[in-house]
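Work through the exercises below with the structure in view. Each task is followed by a solution in steps.

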Amino acid sequence: MREAPRNDRITMIAVMCIVAATIGLVVTTHALQEKHMATTKGTEQIMVDIGISNSDGDTDDELSEQAVIHSNNNNGSNVMEHADVARPASDAEKLRFEAEQGKLEGTSVATTAAGYSGEGYVTEFFDEADSVHIAIEVEEAGLYTLYVGYRAANGYKESELYVNDAPFGKVVLKESSSFTNTKVTRILLEQGKSILTFTRGWGYFDLDYVELERFDTSQLAAAPITEKLSNSHATPEAVALMNYLNEHAGKSVISGQQLYTHIIDIEQITGKRPAIVGFDFIEYSPTRAAYGSRSSEVESALSWHKQGGIVSFLWHWNAPTGLIDEPGKEWWRGFYTDAVTFSLADALKDTTSEQYQLLLSDMDAIAQQIKILQLNDVPILFRPLHEAEGGWFWWGASGPEAAKELYRLMYDRFVNEHKLNNLIWVWNSVDPAWYPGDDVVDIVSYDSYPVAGDHNPVANVYDALVELTGGSKYIAMMENGSIPDPDAMEAYGANWGLFITWNGHFTLDGEHNSKEFLHHVYNHPRVITLEDLPNFKEKNENN
């Protein structure tokens, strides 16, 4: 399913970029440390609570060598005892810090399950406020790879990670009936002591320990590019757009916003307009049109293109048939798995069936809209069957094989039958089992929705996308709630080529992205806005 790296050119570029990446890491690290100073008061209080404060306050030196175990006894009071904090044995070794030596809030220490490390493990992540604060210490500032030891006997789980009180993304815990170890992400740490906090998330998992391993910055590869579009007949405009994306990969991040009417909101807050606007073919779905839905998305996309912007489209595809249409499962929710009876697997089994033919006719309806854009020389970042591996949309509910078959069917029908050559094809799942193949994909992507205000660079997912194609495809964040901080992306070597913030409260509630943060992003020297884009028509003619 996944091929090895394509050629030596990528390796050569990576080597050339190591020095620049290392220098940039030092400069950006300082900037990030300054930026996170506001979080230190809460972190210092936790350190005082567990006796490892870096300050010269009342906490004595003896306690600074210890962590405190907090566990809940039967009457709910805290029982505290001291335990030595792990210390580095050598630079080449992982540093292990036992979870049971942390400060527990609502959780408890258990020893009933076999195979744990140390003196126990933390369990009972049941309520929303349940968490554990684990004190860690490193002798040198820099990037570290974070691992966790855990058990998730009740299926796939997620926790939320905080580093010194700042949210830092999801911790994925795959199902495991016994204690196991998984790599989480890389984190940027200052010299000395820090606090890692794991919250309930999905709950019902056991946390055994965390480990840190110094990250070798020579592993920071050059940002992948897509050397050639999958469609050999791609329009000059599509080729020019892909070349522009490649040109700025690893150097800049291109700003984007879902919903055309949000452009004015972004401009009022930041003084800039996004380079990309995301549109949706949703209302062109035949089963929505049958209920009277109408759309002007294509007309809006044409207008945005004339202003010099980049156009992106996804398709919340209302199922071709089988809409349940009852309270809570209304017809307009027909792209959700739980709102339809339509089975993709069943439809694909028989190409002569009515269900299969309805799949084709739905595609044909969308193809007609894309043709309007092609006739007007509009290249499109096209992301069909998004978030398939989640299973919450019907096109992912039948599993990876059916989803891949549908994607390839759509690619063939659009490219070979309808001659739609203005599309840059974007795949939107990370799991290799779902990848439809390099021959039908131009860009690989991820939709990021961390907790509100979490602007971490999502380096773990970025790395997974690099691995997915052996570093041969441009990498994009096609949807996001909180925008990754451009400074963090640079420091962590997470070279997302673009972001597109989802509409509504993700843009305007001030919690996912505050006005101050939006201004910071849109006026950042590494962020490309509409004002920075070239005249693609002239650029294409000159080429």
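**Exercise 1. Describe how helix α4 and helix α13 pack in this predicted model.**

Solution. 
Step 1. Two packed helices are described by the angle between their axes and the distance between the axes.
Step 2. For α4 (residues 263-270) and α13 (residues 515-522), the angle is about 90° and the axes are 9 Å apart.
Step 3. Angles from 65 to 115 degrees count as roughly perpendicular, so α4 is roughly perpendicular to α13.
Step 4. On the α4 side, I266, I269 and T270 make the contact, and on the α13 side K515, L518, H519 and Y522 do.
Step 5. Sorted by class, the residues of this contact are four nonpolar, two polar and one charged.

**Exercise 2. Determine where D442 sits, whether D442 is buried or exposed, and what surrounds D442.**

Solution. 
Step 1. Locate the residue: D442 belongs to the loop that runs between β19 (423-427) and β20 (443-448).
Step 2. Buried means under 20% relative accessible area. D442 has 0% relative accessibility, so D442 counts as buried.
Step 3. List the neighbours, leaving out residues up to four places away in sequence: D442 touches T226, L229, S230, L423, I424, W425, K473 and Y474.
Step 4. Look at the polar atoms of the side chain of D442. The side chain reaches the backbone nitrogen of S230 at 2.6 Å, and one of its polar atoms lies 2.8 Å from the backbone nitrogen of W425.

**Exercise 3. Find which residues of helix α6 are buried and what covers them.**

Solution. 
Step 1. Within α6 (residues 297-306), the buried residues are E297, V298, S300, A301, L302 and W304.
Step 2. Their cover includes α4, β16 (276-280), β17 (310-314) and α8 (354-375).
Step 3. Follow the chain just past α6: G308 has a positive phi of about 95° there.

How values were computed:
Residues numbered from 1 in each chain as written. Predicted model: local features only at pLDDT ≥ 70, side-chain atom pairs only at ≥ 80, totals over all residues. Heavy atoms only, no water. Axes fitted to C-alpha atoms, helices over the stretch in contact; angles between N-to-C directions. Helix = DSSP H or I, 4+ residues; strand = E, 2+ residues; numbered from the N terminus. Parallel < 35°, antiparallel > 145°, perpendicular 65-115°, else oblique. Contact = heavy atoms within 4.5 Å. Nonpolar A, V, L, I, M, F, W, Y, C, P; charged D, E, K, R; others polar. Buried < 20%, exposed > 50% of the residue type's maximum accessible area, 1.4 Å probe, protein only. Polar contact = N/O pair within 3.5 Å; in protein donor to acceptor, adjacent residues only side chain to side chain.
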